[in-house]
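Here is a short briefing on one chain. Look over the sequence and the structure first.

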Amino acid sequence: MREAEINAPMPAVSVIIPAYNQAHYLHEAIRSVLAQTCPDFEIIVVDDGSTDDTPRVTQEHTDPRVRYIYQQNQGLSAARNTGIRHALGRYLTYLDSDDLFLPDKLTLLIAEIERPPAAGLVAGQAIPIDAAGNPIGHIFDQPLPADPGMLLLGNPLHVGSILLRREWQERAGFFDESLRSYEDWDMWLRLARAGCPMRSIARPVSLYRFHSAQMTRHGVQMTGATFAVLDKVFGDKNLPGDWRALRTRSYSRANVRAAAQAYLAADYPSGAGYLIQAVAQDSSLIADDAARLADHLAAWSELPKVGDRIDFLESIYDHLPPELEILKRRKRHDLGRAAMQSAFEAYHRGDLPAARDAAQRAFRHDPRWLANRGAVAVFVRSYLPSPQAARSEQTHAG
């Protein structure tokens, strides 16, 4: 740490922004921190060898709380670690250069982390947005599990939605630079193993940006990292027995996620293979007419990275392995239910053409929806002008 950093006043929070060739988003990311209702922070932008305008964009911000550090390209984990080494705050938080903080993020999370009993890490919710900044999909609102070992079943946290006490980061160590994805999940697991008390709040604190084809492009990398994290955990000879008892279930859930990545990439043979492994490791997935596995498929279709959720579900059900005949038998019911859910959601947000199209698809997949009064009402009303359109026509007519 340089002498100027040692002599600088200690801020409450160090916001670490790793940046690599995303200058077109970086300005907005920095502004979202500068707009915080809690002003007691520093921003550390770690330029991980960018070849675009990242230095200029950062240096346009003359606020003394903004600091710029350049390093040769080493990857996301290494950039975050560089930020940690230069951080002065008693709390740490992270912001990817294409994401945003909501204005009250630091105020809310500092209040929560300091509320007795003291926590080592607190997390809020994240709102997914598209490349243009428009909200998409459902809020990431999965709370932290009461049993820390249940984190082995998947990562419920968005890295931009957490606040971490510096001393707990020092106990757990730095981000694992050998991981190209899920390095944050690996960090939460190490914190849990170290005994870090964690809490979450049911308030959105960040905006999580999804880019087109993001999951397809990085799917293989993410799948490899999923299993690498689990291999690392279960390779520890000192792993507690209650954690070790979750091994089979953890790998089953990882295979389910891997199947989602494969199906999104239209790699149907791999997707089918991962599903077979998942069921072999956890037969409860196909209990009760494969209800749990069907729920997983439905959850995949709601991911912000999925384009047309019904098309996606159709592609899965059309490419299931023969071993999952029990799931194939659900196709008509599950596709009809998903389509009708899309119809109701579109209707409530005022998108009548989308509601009409989804309702028609629900009727086609499962004609039993024609006997549902609510479904038929949405379909009929989708042909009527919306109240907004009617008011607009009256205004023009006047």
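**Helix pair H15 and H16**

H15 and H16 are roughly antiparallel to each other, because their angle falls in that class (over 145 degrees). This is a predicted model: local features need pLDDT of at least 70, side-chain atom pairs count only at pLDDT 80 or more, and totals for chains, interfaces and linings use all residues. Residues are numbered from 1 along each chain as its sequence is written, and side-chain values use heavy atoms, without hydrogens and water.

- The axes of H15 (residues 331–348) and H16 (residues 352–365) come within 7 Å and cross at roughly 165°.
- Axes are lines fitted to C-alpha atoms, for helices over the stretch in contact, with angles from 0 to 180 degrees between N-to-C directions.
- Helices (H or I, at least four residues) and strands (E, at least two) are DSSP runs.
- Residues of H15, including Leu335, Ala339 and Ala343, meet residues of H16, among them Ala355, Ala359 and Ala362 (contact: heavy atoms within 4.5 Å).
- That contact divides into 12 nonpolar, three polar and two charged residues.

**Sheet**

- Eight strands form an open, mixed sheet in the order S3-S2-S1-S4-S7-S6-S8-S5 (pairing: at least two DSSP bridges).
- S3 (66–71) and S5 (100–101) are the edge strands.
- S4 (residues 91–94) and S7 (residues 162–165) pair in the antiparallel sense over two bridges.
- Helix H7 (residues 183–193) lies across S6, S7 and S8, at about 170° to S8.

**Confidence**

- The chain averages a pLDDT of 91 (the predictor's confidence in each residue, from 0 to 100).
- Over residues 388–398 pLDDT stays under 50, with zero contacts beyond four places in sequence.

Notes
Angles under 35 degrees count as roughly parallel, over 145 as roughly antiparallel, 65 to 115 as roughly perpendicular and the rest as oblique. Ala, Val, Leu, Ile, Met, Phe, Trp, Tyr, Cys and Pro count as nonpolar, Asp, Glu, Lys and Arg as charged, and the others, Gly among them, as polar.
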